[in-house]
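Dear colleague,

I am passing on a structure for you to look through, and below it I have set down what was found in it. Please keep the model open while you read.

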Amino acid sequence: MKITKIARMLAGALALSTALAANSARAEEFINVLTGGTSGVYYPLGAALSKIYGEKIEGARTQVQATKASVENLNLLQQGKGEIGFALGDSVKLAWEGNADAGFKAPLDKLRGIAAIYPNYIQIVAAKESGITNLADLKGKSLSVGAAKSGTELNARAIFAAAGMGYGDLSKTEYLPFAESVELMKNRQLDATLQSAGLGVSAIKDLATSVEIQMVAVPAEVVTKLGAPYVAATIPAGTYQGQDADVPTVAVVNFLITHSEVSDETAYQMTKQLFENLPEMEAAHKAAAQIKLENALTGMPVPLHPGAERYYKEKGML
């Protein structure tokens with residue numbers, strides 16, 4: 001009798017622990033944050049976002065993944081291999097349309113918007129000794145345009161086309177991430193690098209401490225030809241060592257993107273915790289100082305995730 005009672009108690013305890021484990025498994029939410037190269041701006045911001053989500057979203061287990069940035073991030077989101085990713089506005093638009101030349105074999109119809117964040121400034125940096133001061137001076141010179149079919153490289157192609165130029169005008173085209181481009185410049189194996197990122201890129205800061213640099217201007221007429229989602233911008237004097245004047249350039253807005261299979265509650269929390277923890281984001285990189293709630297819906301190239309929509313409705317923005 002006693003043995004039967006004990007067996008029943010053990011069975012009940014086992015059932016209870018199984019139910020609790022199942023509930024615990026259901027409650028746990030995995031959030032993989034897709035970023036970019038470790039020497040860019042996406043990575044430190046993604047690391048900060050991952051930490052915020054891990055601490056503030058109940059049951060969330062987070063990870064930050066270094067990638068080739070915009071194009072890879074968007075393809076991974078479509079495949080469900082990430083829950084949120086950073087991407088440039090023009091890349092998001094081309095992904096939604098399914099532009100094969102940009103690296104999207106078919107329209108990425110699962111993409112959903114979380115928020116517009118900060119602008120990427122196109123920062124073309126030449127070694128001073130190269131004599132390059134403007135876009136036209138790049139003819140006959142060597143340039144790294146970012147990893148092939150990355151968001152940066154899509155920016156480079158667009159700018160060259162608007163300026164009536166092509167990669168064929170260069171003596172050599174390298175397809176390298178920021179840090180690798182800078183190493184070649186330090187070793188005098190490359191004249192210039194084009195980097196699309198928030199201001200204060202660590203790779204450019206590093207370069208400016210090693211060699212004399214020249215920030216290359218992008219003229220207003222090129223910006224006009226580019227049109228939306230590109231806008232005129234200025235790299236303020238003193239952004240980098242040895243840069244003693246403002247430099248006109250072009251910028252394009254970055255977005256945080258998720259996909260349709262992420263739950264409404266998770267998308268809501270990812271949006272809410274972003275905007276409620278901006279000081280932590282800014283501490284990770286000063287580019288985050290330009291993330292503003294009032295700009296969050298500006299130029300969104302894909303439909304909003306219903307979870308994000310709920311947050312903006314609460315804030316009276318929809």
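**The aromatic rings**

Tyr 311 counts as buried because its relative accessibility is 2%, where buried means under 20% relative accessible area, exposed over 50% and partly exposed in between, with a 1.4 Å probe and protein chains only. Before going further, please note that this is a predicted model, in which local features need pLDDT of at least 70 and side-chain atom pairs count only at pLDDT 80 or more, while totals for chains, interfaces and linings use all residues. Residues are numbered from 1 along each chain as its sequence is written, and side-chain values use heavy atoms, with hydrogens and water left out.

The structure holds 7 aromatic pairs; rings of Phe, Tyr and Trp (its six-membered ring) pair if their centres lie within 6.5 Å, and planes under 30 degrees apart count as stacked, over 60 as edge-to-face and the rest as tilted. One of these pairs is formed by Phe 275 and Tyr 312, which are edge-to-face at 6.4 Å centre to centre, with 65 degrees between the planes. This pair links distant parts of the chain, since Phe 275 lies in helix 9 (residues 264–276) and Tyr 312 in helix 11 (residues 306–314), 37 residues apart; helices (H or I, at least four residues) and strands (E, at least two) are DSSP runs, numbered from the N terminus. The rings of Tyr 311 and Tyr 312 have centres 5.7 Å apart and planes at 70 degrees, so this pair is edge-to-face. Tyr 312 counts as buried because its relative accessibility is 0%. Ring pairs link Tyr 268, Phe 275, Tyr 311 and Tyr 312 into a cluster, and the charged end of Arg 310 sits over the ring of Tyr 268, 3.6 Å from its centre (this needs NZ of Lys or CZ of Arg within 6 Å of the ring centre and within 35 degrees of the ring normal).

**The nonpolar core**

Which residues touch the most other members of the largest nonpolar core? They are Leu 74, Leu 138 and Leu 274, out of 103 residues in that core, a nonpolar core being a set of buried Ala, Val, Leu, Ile, Met, Phe, Trp, Tyr and Cys residues joined through side-chain atoms within 4.5 Å. Strand 4 (residues 111–127) gives the most to this core, with 12 residues. Not counting residues up to four places away in sequence, Leu 274 touches Leu 49, Tyr 53, Ala 115, Ile 117, Leu 256 and Met 281, where contact means heavy atoms within 4.5 Å.

**Two helix pairs**

The axes of helix 6 (residues 178–186) and helix 7 (residues 202–210) come within 9 Å and cross at roughly 10 degrees; axes are lines fitted to C-alpha atoms, for helices over the stretch in contact, and angles run from 0 to 180 degrees between N-to-C directions. That makes helix 6 roughly parallel to helix 7, because angles under 35 degrees count as roughly parallel, over 145 as roughly antiparallel, 65 to 115 as roughly perpendicular and the rest as oblique. Helix 4 (residues 89–97) and helix 5 (residues 151–162) pack at an angle of about 95 degrees, with their axes 9 Å apart, which makes helix 4 roughly perpendicular to helix 5.

**The whole protein**

The protein has 11 helices and 10 strands, and buried residues make up 49% of its 318 residues.

With best wishes
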